[in-house]
Amino acid sequence: MSWRAHPEDLRLLVRFLRSLRDWSQQELAAAAGLDPSSIARYETGHTVPKPKALERLTAAAGVPASLAEACLLPAIGAARAAAASAGAAEPAELETVAAELEQTLAGTRRSAAAAFLASLGEPGEPAEPWERSGPPAEEDRALAAELWQVLAPLAPGERRLLVEKSREYQTWALAERLCHESAEAASDDAGRAVELAELALRVAVLAPGERLWRLRLQGYCLGFLANARRVRNDERRAEEASARARRRWQEGQAGDPSGLLAEWRLLDLEASLRRSQRRFAEALDLSDRALAAAPRSAAARILVNKAVAFDHLGEAERAIATLRQAAPLVDGRREPRLVFALRFNLATNLCHLDRYSEAALLLPEVRQMAEALRKELDLVRVAWLEGRIAAGLGRPAAALAAFARVRGELLARGMAYDAALVTLELAALHAAAGRTAEVKELAHQTAQVFRAKGIHREARAALQLFRQAADQEALTAELARQLVAYFYRARHDPELAFAAVA
């Protein structure tokens with residue numbers, strides 16, 4: 001790092017870093033591995049700290065060096081100039097500028113730089129690229145991995161400021177890495193997935209390179225942004241981003257002759273979007289195209305995604321066959337969450353076919369993997385699966401306890417449709433036990449949740465049937481079970497009508 005700054009600003013930076021920790025000079029020196037006398041010389045201005053010393057000092061204070069150079073030093077200079085113009089007796093005194101600096105640092109950590117960031121325009125807005133020698137190369141990914149290690153622990157505002165102010169972060173490989181991190185975050189935190197995908201797109205806009213290459217890179221990032229918005233249930237904006245992704249990806253095709261950016265990833269992500277839009281034929285076709293373009297190491301991921309489409313179509317047998325095709329292709333050490341998704345989806349589809357004993361055999365491994373991955377929503381879904389298996393195996397007490405716990409977790413997360421499904425499953429158990437009062441109360445709660453969610457016409461008719469049967473104390477366990485199965489499918493098929501089987 002260059003650390004080009006006024007010597008007075010470097011002096012104040014050292015004092016400010018020490019004030020962040022409320023350390024003495026000796027404590028800061030010990031944490032940074034420096035001689036205590038050197039801190040005194042830096043703070044009095046007798047010695048200007050060298051880059052290596054500054055990197056040690058920032059690391060000791062817990063401030064990334066890139067953030068200190070890109071954000072703190074400019075803030076120090078601005079605050080010092082403001083103090084001087086205000087006629088302060090000692091404009092360089094730390095106390096004079098401390099409030100300004102602390103507000104700047106705390107503001108970025110709370111993402112309070114929103115007004116500044118908004119002035120930069122929408123992600124994807126054209127920008128003049130800076131020049132860099134040499135074409136994009138595979139070796140750039142190693143540097144991107146190091147840059148991500150700096151960005152990962154930062155707050156969103158800090159990440160955005162570093163990307164805007166530091167050219168070392170404006171690389172195609174970092175944009176790609178942010179895309180992949182966004183896809184990983186989507187399984188547990190849709191907001192973080194969107195933030196990282198938007199940041200990836202901004203990096204792609206700022207990155208150097210020929211016009212066609214930059215269009216190709218932006219198309220790639222837009223595909224991941226569409227996926228993140230899909231996960232956040234923002235389907236309108238997901239479709240907008242997907243359309244932009246296709247246009248820019250195709251326009252920039254000649255810009256990536258060596259195929260650095262993987263097209264199969266975009267095909268797989270678009271398949272997920274089409275699945276969520278209930279355009280299943282397109283989703284399955286996209287999955288097949290992704291499989292044809294992907295290396296063998298990526299085939300399992302695509303097959304698991306394809307199996308989800310079969311699940312949503314209500315074709316559990318085909319979903320199971322696809323998952324079993326994927327199983328020998330998964331590298332558990334490299335992709336542990338993919339193994340979890342495969343096993344979890346396999347158990348779920350076995351439940352759809354009432355093969356609860358087979359599903360139960362998978363439960364210990366599925367639970368163990370979820371706990372190791374430490375994704376909260378995964379753990380909630382595993383508890384839901386445990387409840388379904390317990391109900392299917394004739395253990396109603398265990399199922400009731402699991403469903404009640406899961407329902408509370410889903411409501412707390414605002415996942416209304418899922419919460420209503422669990423409520424239906426609770427009602428089915430109470431109906432089987434002849435507890436009509438509980439069934440009526442749960443029917444009322446289910447109706448409230450589904451109305452708030454805004455379900456489609458056919459589902460409303462099925463819900464009305466459920467309410468009437470509950471009110472008339474005529475809801476049988478079999479009818480309740482059929483309604484549960486229907487609402488699982490109806491969330492993915494608005495044309496599906498409920499037909500009770502006698």
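Author: Here are some labels, each set against its definition.

Author: Please keep in mind that this is a predicted model, where local features need pLDDT of at least 70, side-chain atom pairs count only at pLDDT 80 or more, and totals for chains, interfaces and linings use all residues. Residues are numbered from 1 along each chain as its sequence is written, and side-chain values use heavy atoms, with hydrogens and water left out.

Reader: Thanks! How many helices and strands does the protein chain have, and what makes something a helix or a strand?

Author: The chain has 25 helices and 0 strands. Both are DSSP runs numbered from the N terminus: helices are H or I with at least four residues, and strands are E with at least two.

Reader: What is Tyr42 in contact with, leaving aside its neighbours within four places in sequence?

Author: Contact means heavy atoms within 4.5 Å. With those neighbours left aside, the contacts of Tyr42 are Arg11, Val14, Leu34, Thr47, Val48, Pro49, Ala53 and Leu57. Tyr42 is also 9.7 Å from Glu8, C-alpha to C-alpha, though the two are 34 residues apart in sequence.

Reader: Which class does Gln250 count in, buried or exposed?

Author: Gln250 counts as exposed because its relative accessibility is 56%. Gln250 lies in helix 13, residues 235-251.

Reader: Why is Arg278 called partly exposed?

Author: Its relative accessibility is 34%, so Arg278 counts as partly exposed. Arg278 sits in the loop between helix 14 (263-276) and helix 15 (280-293). There is something else to notice: Arg278 is not a glycine, yet its phi is positive, about 65°. Most residues other than glycine have a negative phi. Arg374 is not a glycine either, and has a positive phi of about 60°. Arg374 is in the loop between helix 19 (356-373) and helix 20 (376-392). With a relative accessible area of 70%, Arg374 is exposed.

Reader: How do you know that helix 16 and helix 18 are roughly parallel to each other?

Author: Axes are lines fitted to C-alpha atoms, for helices over the stretch in contact, and angles run from 0 to 180 degrees between N-to-C directions. Angles under 35 degrees count as roughly parallel, over 145 as roughly antiparallel, 65 to 115 as roughly perpendicular and the rest as oblique. The axes of helix 16 (residues 296-312) and helix 18 (residues 336-352) come within 10 Å and cross at roughly 25°. Helix 16 and helix 18 are therefore roughly parallel.

Reader: What about helix 14 and helix 16?

Author: Their axes come within 10 Å and cross at roughly 10°. That makes helix 14 roughly parallel to helix 16.

Reader: What makes a set of residues a nonpolar core?

Author: A nonpolar core is a set of buried Ala, Val, Leu, Ile, Met, Phe, Trp, Tyr and Cys residues joined through side-chain atoms within 4.5 Å. The largest such core here has 71 residues, and Leu13, Ile39, Leu57, Leu178, Leu217 and Cys221 touch the most other members. Helix 11 (residues 190-206) gives the largest share of this core, 10 residues. Another core lies apart from it, with 42 residues, including Leu426 and Leu475.

How values were computed
Buried < 20%, exposed > 50% of the residue type's maximum accessible area, 1.4 Å probe, protein only.
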